[in-house]
Amino acid sequence: VGGCINGPTMKKEDNILLRRSRLQNAIRILEKLNVKKFDRFSVPLDLKRTLKIRKVEYNIPESEIERIFAEMGKTNPEKVLDCTGCGYETCRDKAIAVAVGKAEKEMCFAYLVEKVSSVSNLVVEETPNAIVIFKDSKILYINNSARVLFANYPEDMIISICQRAKESSNRIHELYINSRKVYLYPKVFDLPDDGGIVVLFVDLTEMVQQREHMNELRRRTIEKIDEVLNEQMKLAQDIASLLGESIAETKSRFAEFKKFLGEENVDN
Ligand code: SF4
């Protein structure tokens, strides 16, 4: 009942008694029809409501509109598209709605697209992987990491390295770049519509160096174990030989003593 009393067909200016009486009148009409299901268009109820457009004029200072335009990236007239995509007739109406707190600037498609693409550009620019895009004999794009990796390298040399990465079947490329031995894992793909070739180099140098260091450590440890074992073996042999000599000596002394005792018996 509350929902109907405050429903959309009730006029705001009607008080609660008037609303209740209209509702009871509607219930009586429906009860008289005495049907379980009815066609709403054939029911003699006045459910019509006429609405008028009441345009509210907001007096927003021009500086505030400009500030919101700047926040939405509409820094020049070309970016004021008036595309109605946000539901407002013009970008200006949208900026006014933002100013009075009725809309969010993120509700502008153009602003969102620009924001997403600037974030993805930042990710590509700042990734630790070196990225080069080239076409024919020209570099179309090179990111920060690639600029550091190929510092001072002329364009044709960078393209030649990229070409070799594209043509080679090796998974890891061992190269000397700027007198530094590096291990690169390249990933190559073509841009659609012959837009160029993208080469992404994952720098595995640190990982490979760490693996080599571990292998060297393992080799030296095995060598050390061999050395200690050999020394232990030699020591055991020396002890065995000394023991053998000592036993032989004792045996010979006993033999002499036995002989001496035997001679003593004969004389007596
Ligand atoms: S979606 Fe953006 S560009 Fe389009 S009218 Fe709204 S504010 Fe202007």
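**Entry 1: an exposed aspartate**

I take a residue as exposed when its relative accessible area is over 50%. The model I am reading is a predicted one, and I began with Asp194, which at 59% relative accessibility counts as exposed because that value lies over the 50% cut-off. I located Asp194 in the loop between β4 (180-190) and β5 (197-203), and I noted that Asp194 forms a negative surface patch together with Asp136, Asp190 and Asp193.

**Entry 2: the nonpolar core**

I then asked which residues have the most contacts inside the largest nonpolar core. The core has 21 residues, and I listed Val132, Phe150, Ile158, Ile177 and Phe201 as those with the most contacts inside it. At least two residues of this core come from each of β1 (130-135), β2 (138-142), α6 (144-149), α7 (155-167), β3 (173-177), β4 and β5, while α7 gives the most, with five residues.

**Entry 3: salt bridges**

My search of the whole structure returned 15 salt bridges. In one of them the side chains of Arg147 and Glu125 meet at 2.6 Å, N to O; since Arg147 belongs to helix α6 and Glu125 to helix α5, the pair ties together parts that are 22 residues apart in sequence. I recorded Arg147 as partly exposed, with a relative accessible area of 39%, whereas Glu125 is buried, with 18%.

Within helix α8 I looked up Arg220 and Glu216, whose side chains meet in a salt bridge at 3.5 Å, N to O, and which are four residues apart, so about one helical turn separates them. Arg220 is partly exposed at 48% relative accessible area, and Glu216 is partly exposed at 31%.

Glu223 and Arg219 also form a salt bridge, at 2.5 Å, N to O, and both lie in helix α8, four residues apart, about one turn of the helix. I noted both as partly exposed, Glu223 with a relative accessible area of 45% and Arg219 with 40%. Salt bridges that share partners also join Glu64, Arg67, Glu71 and Lys105 into one network.

**Entry 4: Lys105 and its loop**

I followed Lys105 to the loop between α4 (91-99) and α5 (109-126), where at 22% relative accessibility it counts as partly exposed. Lys105 and Met72 are 33 residues apart in sequence, yet I find them 6.3 Å apart in space, C-alpha to C-alpha.

**Entry 5: a nonpolar patch**

Last, I looked at Leu243, which lies in helix α8 (residues 205-267) and is exposed, with a relative accessible area of 52%. Leu243 makes a nonpolar surface patch of about 400 Å² with Leu235, Ile239 and Ile247.

How values were computed. Residues are numbered from 1 along each chain as its sequence is written. This is a predicted model: local features need pLDDT of at least 70, side-chain atom pairs count only at pLDDT 80 or more; totals for chains, interfaces and linings use all residues. Side-chain values use heavy atoms; hydrogens and water are left out. Patches are made of residues with over 30% relative accessible area and no salt bridge: like charges are joined within 9 Å, nonpolar side chains (Val, Leu, Ile, Met, Phe, Trp, Tyr) within 5 Å. Accessible areas come from the Shrake-Rupley method with a 1.4 Å probe; for residues, only the protein chains shown count as cover. A salt bridge is a side-chain nitrogen of Lys or Arg within 4 Å of a carboxyl oxygen of Asp or Glu. Lys and Arg count as positive and Asp and Glu as negative; His and the chain ends are not counted. The place of a charge is taken as NZ of Lys, CZ of Arg, CG of Asp or CD of Glu. Buried means under 20% relative accessible area, exposed over 50%, partly exposed in between (1.4 Å probe, protein chains only). A nonpolar core is a set of buried Ala, Val, Leu, Ile, Met, Phe, Trp, Tyr and Cys residues joined through side-chain atoms within 4.5 Å.
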